[in-house]
Amino acid sequence: MPTREQLAEQTDPATTVLLTVECQQGVVGPGSALPELAEAARSSGALRNVARLVSAAHEAGVQVLHAVAERRPDGRGANSNARLFRAAGRLPVQQHSGSTAVRIAEPIEVADQDLVVRRLHGLSPIAGTDVDALLRNLGCRTLVVSGVSANVAIPNAVFDAVNLGYTAVVPSDAIAGVPADYTPAMIRNTLALVATVTSTDDLLGCWLSPRSGRRQGGRGTTTPG
């Protein structure tokens, strides 16, 4: 774990973006296509912690970006080159564009200044999407990765961020996967090698501290501490 000072420096609101991954109703909501994953996200507190991070980011002036996985009803452009994709196409709940399944799930609140990036293909919320260009235009240096799943999309996002030159920060209690004991093992043995692993409370302490330099009215305007 980094020291408070190190974490605060890494996650300066002026150069940090919070990414939520697949925190959509059809994945982590009550009518999820993946009920085991949805249960893990809720019972572990991960979804609630994502909501806490989003709320704190809004208050501190940290840009929030929501990554959503979708599928056209006709399946055009979707992958079929892995068992995961073929199984997803047969699920009773589909992540169809424009449906309630691809809306951000409660209790996460989406603000007007948030960005939502939707993808129709692949495993990563970054590779093959607009996310990298958006991050660079926002002046991002650190990407905080949260959401689901620890099995696939979260490690993809972390690896892509690191390969693209960003510092990746992972709040370990704000991601979830299945089975439940897989997530801490994956964090300890994989993500900890390439990302800064922290907790939701420690991030909130940095962003909501009187000395965090949190901004009013969006990125770039600082309020003296």
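Select Thr 200 to begin: leaving aside its neighbours within four places in sequence, Thr 200 is in contact (heavy atoms within 4.5 Å) with Asn 49, Arg 52, Leu 53, Pro 171, Asp 173 and Ala 174. This is a predicted model, in which local features need pLDDT of at least 70 and side-chain atom pairs count only at pLDDT 80 or more, while totals for chains, interfaces and linings use all residues. Residues are numbered from 1 along each chain as its sequence is written, and side-chain values use heavy atoms, with hydrogens and water left out.

Thr 200 is found in helix H9; helices (H or I, at least four residues) and strands (E, at least two) are DSSP runs, numbered from the N terminus. Thr 200 is buried, its relative accessible area being 0%, where buried means under 20%, exposed over 50%, and partly exposed in between, with a 1.4 Å probe and protein chains only.

**The cores**

Next, colour the largest nonpolar core, which has 32 residues, those with the most contacts inside it being Leu 18, Val 28, Leu 53, Ile 108, Val 148 and Trp 207. Such a core is a set of buried Ala, Val, Leu, Ile, Met, Phe, Trp, Tyr and Cys residues joined through side-chain atoms within 4.5 Å. At least two residues of this core come from each of helix H2 (25-28), helix H3 (35-43), helix H4 (46-60), strand S2 (63-69), strand S4 (142-148) and helix H9 (200-207), and H4 gives the most, with 9 residues. Centre the view on Ile 108, which, leaving aside its neighbours within four places in sequence, is in contact with Cys 23, Leu 47, Val 50, Ala 51, Val 54 and His 66. Apart from this core lies another, of 27 residues, among them Ile 154, Val 170, Met 186 and Ile 187.

**Strand S1 and its partners**

Now select strand S1 (residues 16-21), which is mostly covered, with 6 of its 6 residues buried. Turn the view along the strand to see that Thr 16, Leu 18 and Thr 20 point one way while Val 17, Leu 19 and Val 21 point the other way, and that all are buried. S1 pairs with S4 in the parallel sense over 6 bridges, two strands being paired if DSSP finds at least two bridges between them; here Val 17 has Leu 143 of S4 as its bridge partner. S1 also pairs with S2 in the parallel sense, over 5 bridges, and in S2 the bridge partner of Leu 18 is Val 64.

Move to helix H7 (residues 153-163), where Val 162 lies. The buried residues of this helix are Ala 153, Ile 154, Pro 155, Ala 157, Val 158, Asp 160 and Ala 161, and they pack against S1, S4, strand S5 (167-171), strand S6 (175-176) and helix H8 (182-189). Val 162, by contrast, is partly exposed, with a relative accessible area of 31%. Together with Phe 159, Leu 193 and Val 194, Val 162 forms a nonpolar patch on the surface, with about 330 Å² of accessible area together. Areas come from the Shrake-Rupley method with a 1.4 Å probe, and for residues only the protein chains shown count as cover. Patches are made of residues with over 30% relative accessible area and no salt bridge, like charges being joined within 9 Å and nonpolar side chains (Val, Leu, Ile, Met, Phe, Trp, Tyr) within 5 Å. After H7 comes Gly 165, whose phi is positive, near 100 degrees.

**Salt bridges**

Finally, display the charged side chains: the structure holds 6 salt bridges, each being a side-chain nitrogen of Lys or Arg within 4 Å of a carboxyl oxygen of Asp or Glu. One of them joins the side chains of Arg 118 and Glu 70 (2.7 Å, N to O). Arg 118 lies in strand S3 (residues 115-119) and Glu 70 in the loop between S2 and helix H5 (83-88), so the pair ties together parts that are 48 residues apart in sequence. Arg 118 is partly exposed, at 44% relative accessible area, whereas Glu 70 counts as buried at 12%.

Select Arg 72, Asp 74 and Arg 76 next, which are linked in a network of salt bridges; within this group, the side chains of Asp 74 and Arg 76 meet at 3.4 Å, N to O. Close the tour at Arg 136, which forms a salt bridge with Asp 132, the closest N and O atoms being 3.0 Å apart. These two residues are 4 residues apart in helix H6 (residues 131-137), and are therefore separated by about one helical turn.
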